Amino acid sequence: MIDRRSFIKGTGAIAMTAAMTSSWSLSSAFADEPAPPKKGGHLIIGLDNASTTDRLDPAFWFESWMYFTGSQLFNALVEIDDKGEIVPSLAESWSSSEGGRKWVLNIRKSVQFHDGRSLSAKDVIWSLNHHRDEKSSSPVKGYLEPVTGLAATGEHEVTITLGEPNVEFISLLSAVHFVITAENEAFEKGIGTGAFILESFQPGVRMLVKRNPNHWNPERGHVDSVETLAMNDSTARVAALISGSVQIINRVNPRIVGRIEKMPSIQLVRDKDSQIFTLPGLANLAPFTSLDGRLALKYAVDRQQMIDTVLGGYASLGNDNPVFPSSKYFSRDIPQRPYDPDRARFHWQKAGFDGPLVLSAADAGFPGAVDAAQLYQQSAKKAGIVLNVERVPDDAFWTDTWLKKPFCTSNWGARPTADALLSLVFTSNAPWNESAWRVPAFDQLVKAARGETDEVKRRQIYHDVQVMLVDQGSEIIPLYADALSATRKNVRGFTSVPGVPLSGNRAAEKVWLEG
Amino acid sequence: MFMALTLPFFGRATGRNRLTSMIARRLVAGLLMLLAISLLIFAGLNLLPGDTATAILGQSATPAAVQALKLQLGLDQPAGWRYLHWLGGVVQGDFGVSLTSRENISVALWERLKNTLFLAGSTALVAVPVALTIGFVSVRFHGGWVDTLLNLLTRAAVALPEFFSGYLLIFIFSMSLAWLPSNSSVQVDMPVSARLMAITLPVLTLVLAVLGHMSNMTRAALLSAQRSSYIDTAVLKGLSPMRVLWRHVLPNAWGPIINVIVLNMAYLMVGVVIVENVFVYPGLGQYMVDSISKRDIPVVQGCALVLSAVYILLNLFADAVALLTNPRIRHGT
């Protein structure tokens with residue numbers, strides 16, 4: 001059997017060879033090979049979730065606009081490719097030993113920052129420590145909490161030691177926040193190794209960048225300049241795309257996708273299963289304290305109706321399982337729970353909960369949450385369950401409703417690994433355990449899977465984990481929502497990366513403009 | 001609301017003195033107003049649920065992260081102290097830095113204010129002459145079909161909400177005809193021609209929004225002035241209808257007309273968030289709304305202060321012009 005180290009070294013080498021071979025010889029060798037990327041042009045992109053409070057510092061990236069603009073300037077150590085595999089970026093290879101406790105990363109040589117400095121292990125240490133600082137409020141601080149040692153063990157070698165084994169640790173480093181800037185440099189200056197160099201950054205308005213002529217990866221960075229506009233209004237985005245004043249937009253409203261799809265000048269990009277919508281119920285409060293209460297509520301939701309009505313069909317059935325179908329550990333053999341008012345009624349009566357249950361819904365929880373809650377109210381009614389929908393304000397939703405009200409709406413984007421979301425939201429001491437579901441046996445399983453080097457055994461553990469969540473968990477996960485983006489027809493090279501919209505946030509450097 | 005402050009009796013002072021003394025009084029009152037406004041806004045924002053740290057972090061707000069961010073932002077200081085600190089800066093012309101982006105607020109505010117002034121100014125340049133003409137023509141042909149038609153059109157324009165007329169214009173001019181851009185994201189380095197092209201649709205939307213109000217008020221003011229007995233005299237003297245309107249009616253109607261124009265100008269400055277959103281225009285309204293949702297108190301206060309000052313100055317201007325154009329007020333009764 002090939003060990004992990006040599007395998008990854010191998011793929012890295014193949015990628016390098018491919019990069020060094022000229023595209024001319026490739027295209028002539030294969031007659032039906034698509035035309036090589038065209039250089040030049042000005043790309044304009046309209047994205048939502050922009051705010052005047054945005055910052056270039058990755059510890060303050062919370063939404064899609066910053067994910068996407070930041071990724072134009074900076075590179076991470078690893079990336080996710082179109083098949084969902086972890087592939088080299090600034091780390092050209094890596095290896096783990098001691099059962100996933102020790103990780104050695106080989107940093108790519110002769111990579112230059114935008115200001116001409118060369119990349120070394122010290123820059124990596126500096127950039128990762130940025131999220132580990134005690135005063136940091138970085139959203140990915142938790143990923144690095146198990147790290148006990150982070151050191152440059154050579155000019156281009158970084159060694160990371162973990163307090164407890166995690167055989168998938170390298171995948172966590174593909175998170176969009178783990179980008180690299182030069183040592184002792186503030187991220188706000190935008191000095192990265194990315195395919196584009198910062199020209200101007202106006203938070204809440206636009207970012208303008210120009211192509212980096214010295215970019216280390218010859219396969220990236222085709223257009224001369226990129227303008228990313230803040231377009232928070234979904235109708236404004238669609239209008240701008242149709243009229244041709246922008247070439248790429250994100251978050252197309254599912255209700256109008258049907259009409260856009262038919263337009264000859266526009267192509268729709270559908271990233272399947274990129275987000276889960278959740279209805280967490282606090283397991284330490286009735287009716288969620290009883291397994292029957294939880295099962296009744298799981299049988300009482302008409303998942304397909306929610307998909308068709310709220311998301312126009314652009315979602316797939318969820319089974320209260322937070323592991324995404326794109327994960328290699330997703331268990332396809334767990335039977336899908338149907339909408340069954342009779343069984344729901346049976347369990348509800350057994351749970352013996354009297355008094356109405358209040359579902360606190362806001363679209364801040366997930367887009368269309370209020371509509372979904374009303375549908376749920378109707379389908380639960382048929383099972384004799386009285387569900388009162390309380391509409392709460394979007395403003396301060398995450399402070400005053402989520403984690404506080406017994407039953408509410410929420411959502412999670414796909415994470416680099418199955419473990420990342422499980423240990424963030426579902427284990428007993430998870431910082432965002434939104435259902436307050438605390439089962440020691442479950443925690444044991446998640447921990448065991450994290451350190452299990454045997455692939456077959458790990459798969460089995462993750463299977464048990466998912467069965468447990470489906471049958472006992474205190475969250476209803478009715479669906480996996482698609483991410484819907486759209487481009488003009490002349491935009492080429494826009495690929496779909498599992499779980500990460502906009503071509504893994506790197507569409508700007510991957511695409512080129514034809515004609 | 002400011003009229004009440006402007007109409008105290010000024011005794012036997014001469015016209016010019018009355019004007020200067022009115023302006024001086026009003027400026028002092030305005031400063032006090034601004035102070036009261038800033039205090040109200042600060043108190044209001046502190047009453048809202050959540051604070052800057054929880055608003056920025058959103059779903060990722062763990063107690064530890066919130067605590068760390070609060071320390072970073074200086075939110076551990078008592079609210080009263082933060083207000084006084086801010087006020088001390090403003091008195092010296094320093095609006096401070098944004099809590100969330102650490103940007104210098106004065107610089108960002110000025111950029112946005114210029115954009116807002118540009119949009120509001122361009123709208124006024126189109127809307128005011130058109131509205132005056134419509135009002136004038138309506139009165140000249142009062143009761144006839146021209147009057148009825150103009151009335152119908154302007155009222156219809158008022159009835160259309162801006163987000164609807166905005167999308168309608170986008171649908172016609174950018175999507176169907178492809179003449180004009182649907183996004184108006186103006187940049188500092190843009191040539192004037194490109195800028196004008198970019199703001200054509202938002203200006204058109206705003207003109208539709210304010211035109212009806214202004215032209216109807218012009219018409220009403222002219223009609224009411226026309227009912228005075230000195231107009232009968234002028235007509236009996238044998239003056240032509242145009243001359244009567246121009247020389248005798250209009251001077252007596254300027255006051256209310258200018259008042260409504262200025263009120264609409266004030267609206268254009270502060271009430272165009274929806275239009276900014278639809279057309280992706282980087283104006284002051286969007287900046288302020290963003291900052292409110294993130295509880296970025298210094299930025300909200302900076303914006304509010306600037307907008308209130310503009311509002312107060314516009315009102316002052318309206319009253320001063322009313323005084324100058326009305327000989328009766330000018331010379332005392």
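# Chat about a predicted two-chain model

Q: Starting with chain B, how do the axes of helices H6 and H7 cross?
A: This is a predicted model. In it, the axes of helix H6 (residues 105–140) of chain B and helix H7 (residues 145–159) of chain B come within 8 Å, and they cross at roughly 145 degrees.

Q: Left-handed or right-handed crossing?
A: Left-handed, as H6(B) passes H7(B).

Q: Which residues make that contact?
A: From H6(B), they are B:Ile134, B:Val137 and B:Ser138. H7(B) gives B:Val146, B:Asp147, B:Leu150, B:Asn151 and B:Thr154.

Q: How do they divide by type?
A: The residues of the contact of H6(B) with H7(B) are four nonpolar, three polar and one charged.

Q: Switching to chain A. In what order do the strands of the open sheet with E4 come?
A: The order is E4-E5-E7-E6, four strands of chain A with antiparallel pairing. Strand E4 (91–97) and strand E6 (147–154) of chain A each have a single partner strand, so they stand at the edges and one side of each has no neighbour in the sheet.

Q: What does the twist average?
A: From one strand to the next, the twist averages 20 degrees.

Q: And E5 with E7, how many bridges?
A: Five bridges, in the antiparallel sense, pair strand E5 (residues 102–107) of chain A with strand E7 (residues 157–162) of chain A. One residue pair to look up is A:Leu105, whose bridge partner in E7(A) is A:Val158.

Q: Which strands does helix H4 of chain A lie across?
A: Helix H4 (residues 121–132) of chain A lies across E5, E6 and E7 of chain A. Its direction is at about 165 degrees to E6(A).

Q: What is the phi of A:Ser110?
A: Phi of A:Ser110 is near 45 degrees, which is positive although the residue is not glycine. Most residues other than glycine have a negative phi. A:Ser110 sits in the loop between E5 and H4 of chain A.

Q: Cis or trans for the peptide bond from A:Ala286 to A:Pro287?
A: Cis, with omega near 0 degrees. A:Pro287 is in the loop between strand E12 (266–280) and helix H8 (291–299) of chain A.

Q: Now the two chains together. How many residues does each give to the contact?
A: Chain A gives 31 residues and chain B gives 36 residues. On the side of chain A that touches chain B, the elements giving two or more residues are helix H6 (234–242) and helix H12 (397–400) of chain A. H6(A) has the largest share of that side, with five residues.

Q: How does the chain A side divide by type?
A: The residues of the side of chain A that touches chain B are 13 nonpolar, eleven polar and seven charged.

Q: Stepping back, how many helices and strands does chain A have?
A: Chain A has 17 helices and 19 strands. Its C-alpha atoms fill a box of roughly 70 × 55 × 50 Å along the principal axes.

Q: What radius of gyration does chain A have?
A: The value for chain A is 24 Å. A compact globule with 515 residues would have a radius of gyration near 24 Å, so the two agree.

Q: What about confidence, what is the mean pLDDT of chain A?
A: The mean pLDDT of chain A is 89, with 93% of its residues at 70 or more. Residues 1–32 of chain A stay under 50, and for them the model has 20 contacts beyond four places in sequence.

Q: And the mean for chain B?
A: The mean pLDDT of chain B is 82, and 92% of its residues reach 70 or more. Over residues 1–12 of chain B the pLDDT is below 50, and this stretch has nine contacts beyond near neighbours in sequence.

Q: What are the ipTM and pTM of the model?
A: The model scores ipTM 0.76 and pTM 0.83.

Terms used. Residues numbered from 1 in each chain as written. Chains lettered and ligands numbered in written order. Predicted model: local features only at pLDDT ≥ 70, side-chain atom pairs only at ≥ 80, totals over all residues. Axes fitted to C-alpha atoms, helices over the stretch in contact; angles between N-to-C directions. Left-handed = near helix turned anticlockwise from the far one by under 90°. Contact = placed C-beta atoms within 7 Å. Nonpolar A, V, L, I, M, F, W, Y, C, P; charged D, E, K, R; others polar. Pairing = 2+ DSSP bridges. pLDDT = per-residue confidence, 0-100. Rg over C-alpha atoms; globule rule 2.2 N^0.38 Å.
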